[in-house]
Amino acid sequence: MKTVDLYRTVRLIRRFEERAIEFVRSGEIVGGIHPYVGQEAVAAGVCAALRTDDLITSTHRGHGHVLAKGVNPARMFAELMGREYGLNKGRGGSMHAADFSLGILGANAIVGAAGSIATGAAWAHRRLGRSTVAVSFFGDGAVNEGMLLEAFNLAALWRVPVLFVCENNGYATTMPVDSAVAGSITGRARAFGIPAFTIDGQDPEKVLAATTAAVERARAGKGPTFLECLTYRFDAHHTFEHRTRLTYRSTEELATGRSRDPVEIQGARLAADDRAAVDAEVEALLDAAAGIALGSAHPDPAAALEYLYASEVAR
């Protein structure tokens, strides 16, 4: 993965999220979103180490993950807007984006639940003789959930080719991690014999390096790895905060957190002209994507019950 490619990904995610926030404010996206602004290096670095056929499971804050895995931004915008052109025909929305053709098994609004899905999927692919690796993204708020710890146990016992990626942004909604997590986050994985590392989650290249090693280990049959990516959420937990204006973080803390911006860290590795070219490319891509999404039809209310069951054939 070239330096410019990693920059393109973090820039794409940043500008996608900023535009999505604008669509929330304009009413094109109903109900709001959980912005990924500030955490772009994790998605970019992790997904850069994966093949198309590798798998990911995501979270309620999952736009960055699916974009980094290769989703068409137009289809993601359309999904957020509840349009037929969306990834899931407008029926999944912000927290349930999926695209099996790209190995995206779905975002999940149940905290910690996707770890079990990724572990099971990786185990099934290995049983079929494939070299597929699965990655489960989750936040620091998930590390006390029993279903995630159960996934650690099975993944370690069966040497499952899965990578657990904790995006520790310091808060579970508004609760500081120090008020919620006894001991250490990596200690939870190590208790099951899983190699666990804490890395700089604001630097895309450091995330890529750590993920590459973990993926190689998984493909070699050596089992799971746990990465705690120290990151920071620049924006709200959810866009409802733009109205309620919660004050659980001080101005000084926000300034310190924003001082290490993944876009700037990776952008500084490019020549100014190259960076400007990527920025223009991203803006043009998102202009076109937004136009396509806004032009897509809304689903017919009469079809609201379609796709509810696995036995139903998609039209």
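**Helix H4 and its surroundings**

I started with contacts (heavy atoms within 4.5 Å): Pro73, Ala74, Phe77 and Ala78 of H4 meet Leu285, Leu286, Ala289, Ala290, Ile292 and Ala293 of H12. Sorted by class, that contact holds 10 nonpolar, no polar and no charged residues. Here Ala, Val, Leu, Ile, Met, Phe, Trp, Tyr, Cys and Pro count as nonpolar, Asp, Glu, Lys and Arg as charged, and the others, Gly among them, as polar.

A note on the source: this is a predicted model, where local features need pLDDT of at least 70 and side-chain atom pairs 80 or more, while totals for chains, interfaces and linings use all residues. Numbering runs from 1 along each chain as its sequence is written, and side-chain values use heavy atoms, with hydrogens and water left out.

Next I checked the geometry. The axes (lines fitted to C-alpha atoms over the stretch in contact, angles from 0 to 180 degrees between N-to-C directions) of H4 (residues 73-80) and H12 (residues 272-295) come within 8 Å and cross at roughly 45 degrees. Helices are DSSP runs of H or I, at least four residues, numbered from the N terminus.

Is H4 buried or exposed? Seven of its eight residues are buried, so H4 is largely enclosed by the rest of the structure. Buried means under 20% relative accessible area (1.4 Å probe, protein chains only). Met76, Glu79 and Leu80 are among the buried ones. I found H1, H3 (63-68) and H12 included in the cover.

Note on methods: Helix = DSSP H or I, 4+ residues; strand = E, 2+ residues; numbered from the N terminus. Buried < 20%, exposed > 50% of the residue type's maximum accessible area, 1.4 Å probe, protein only.
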